[in-house]
Amino acid sequence: MSLSFEPFKIKSIESIPITTKEERLNYIKEANYNPFSLKSDYITIDLLTDSGTTAMSSKQWAAIMDGDESYAGSRNWFEFESIVKEITGFKHIIPTHQGRAAERILFGVLGGPNKIIPNNTHFDTTRGNLEYSKAVAVDLPVKESLDTSLIADFKGNMDLTALEKLILEKGAENIPMAMITITNNSGGGQPVSMENIRNTKKLLAKYNIPLYLDCCRFAENAYFIKKREKGYENKSIKEIAQEMFSYADGATMSSKKDGLSNTGGFIGINDDKIAEDLKTLLIVTEGFITYGGLARRDLAALAQGFREVLDENYLEYRIGQVKYLGDLLTNAGVPILKPTGGHGVYLDAKLFAPHIKPENFPGQSIACEIFVEGGIRSCEIGSVMFGSYDGNGVFEPAKLELVRLAIPRRVYTKSHIEFIAETIIKVYQNRNNLRPMKITWQAPFLRHFTAKFDYL
Ligand SMILES: *Cc1c(COP(=O)(O)O)cnc(C)c1O
């Protein structure tokens, strides 16, 4: 059966704020035109992120109530470790409170000055943690990933020619590890093929460089492999995930994504010596090895979440819902990054508002207008996040100007999706009224979170 509806029924509901356009004009002005500064009480539909915004199942809530809060050796830890080992096959599982804590601990051991770490595309916290350790983060996505209108199956793939060139130029001894992010979040949630993971491992093995997966969306990636890659049509999501992990020496995960929970993360690793160093750092900065900064009941919810995320009906609904929004927008002529990926729809702001120059932040202007029009919060991923001025005061724009509509898991229904599409189509029809913007205040690092804006 092909699913055109949510494969669940609703047992508990949360009311959402309904506001007037006049109120929203005031709220966004008070927030200095930065959706990050809006109170969630003002937001009707929140598409800021899919991270930690999942709706948990009744079985997860039951597991929370049944949590065993023992400091050491809680049964919830053993449930969590068992399912994560079953999926990933890693010898050591090290729990953390979220993904970036896993990154900080891993790079605390493998990063450091003069180290170079390639990835298809580093997520911003991954890059941040690497650079904080004084290592160099290098992005090597395939070229197709930069063409938003090109339809291809695996635009998240690593560029293997570029990877080998980097190894030969910089020397394998300076590359303690390489990463692949599945799906490629910063590149539009695009999947990575099994073939690409396998060949990356093969190439790295030639130079004795270990491969790590940034596996936040491993189940969504596995679903794309099942649907798009030859030979995987009849495999289960778990079998596909197991094969993906079999090529890796380790992994970092933010369980706020495919853990179907509101918090959590882990490191998986096979190397005994590195695992020992990681556990020492874990105890110093996160917590004991059987909870890693989490309440034990969170581990219980995660153990159940990892079982539920392997359900193909869930994944069909999940990926289908994102595609449904993408199709509604495409049919109305709204330019989006194609094809839709795993966790959201990305508007192409350059095509949406071509009259606004990148240095006047077309994505930010669109995000503000989407809020004013329908109370929907989205997130600019363009020159606000990645643009900068060089030493001579020349503006260097981001490679892409995008607005991300991230879809929280199991939270919104088909009619919410239709309302989102109607709102954005209205903004698109009135796109000539979108106004250029400027930054009036910014922090020295990761400015997009707190910057203040105004219209020119
Ligand atoms: C969310 C995310 C992280 C960081 O995880 P947090 O739980 O937010 O700390 C790392 N990598 C990718 C690809 C992510 O999507």
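Mentor: Helices and strands are DSSP runs, numbered from the N terminus. The model before us is predicted.

Trainee: What is the form of the peptide bond from Ile 182 to Thr 183?

Mentor: That bond is cis, and its omega lies near -25 degrees. Thr 183 sits in the loop that runs between strand S5 (178-181) and helix H7 (194-206).

Trainee: Where is Pro 339 found, and what is omega for the bond from Lys 338 to Pro 339?

Mentor: Pro 339 belongs to the loop between helix H12 (312-331) and strand S9 (344-348). The bond that joins Lys 338 to Pro 339 is cis, with omega near -10 degrees.

Trainee: Turning to phi, which value does Asn 114 have?

Mentor: Although Asn 114 is not a glycine, its phi is positive, at about 70 degrees. Asn 114 lies in the loop between helix H4 (99-110) and strand S3 (116-119).

Trainee: Is Asn 114 buried or exposed?

Mentor: Exposed means over 50% relative accessible area. Asn 114 has 65% relative accessibility, so it counts as exposed.

Trainee: What can be said of Leu 260?

Mentor: Leu 260, a residue other than glycine, has a positive phi near 50 degrees. Its place is in the loop between strand S7 (250-254) and strand S8 (265-269).

Trainee: Is Leu 260 buried or exposed?

Mentor: Buried means under 20% relative accessible area. Leu 260 is buried because its relative accessible area is 0%.

Methods:
Residues are numbered from 1 along each chain as its sequence is written. This is a predicted model: local features need pLDDT of at least 70, side-chain atom pairs count only at pLDDT 80 or more; totals for chains, interfaces and linings use all residues. Side-chain values use heavy atoms; hydrogens and water are left out. Helices (H or I, at least four residues) and strands (E, at least two) are DSSP runs, numbered from the N terminus. Buried means under 20% relative accessible area, exposed over 50%, partly exposed in between (1.4 Å probe, protein chains only).
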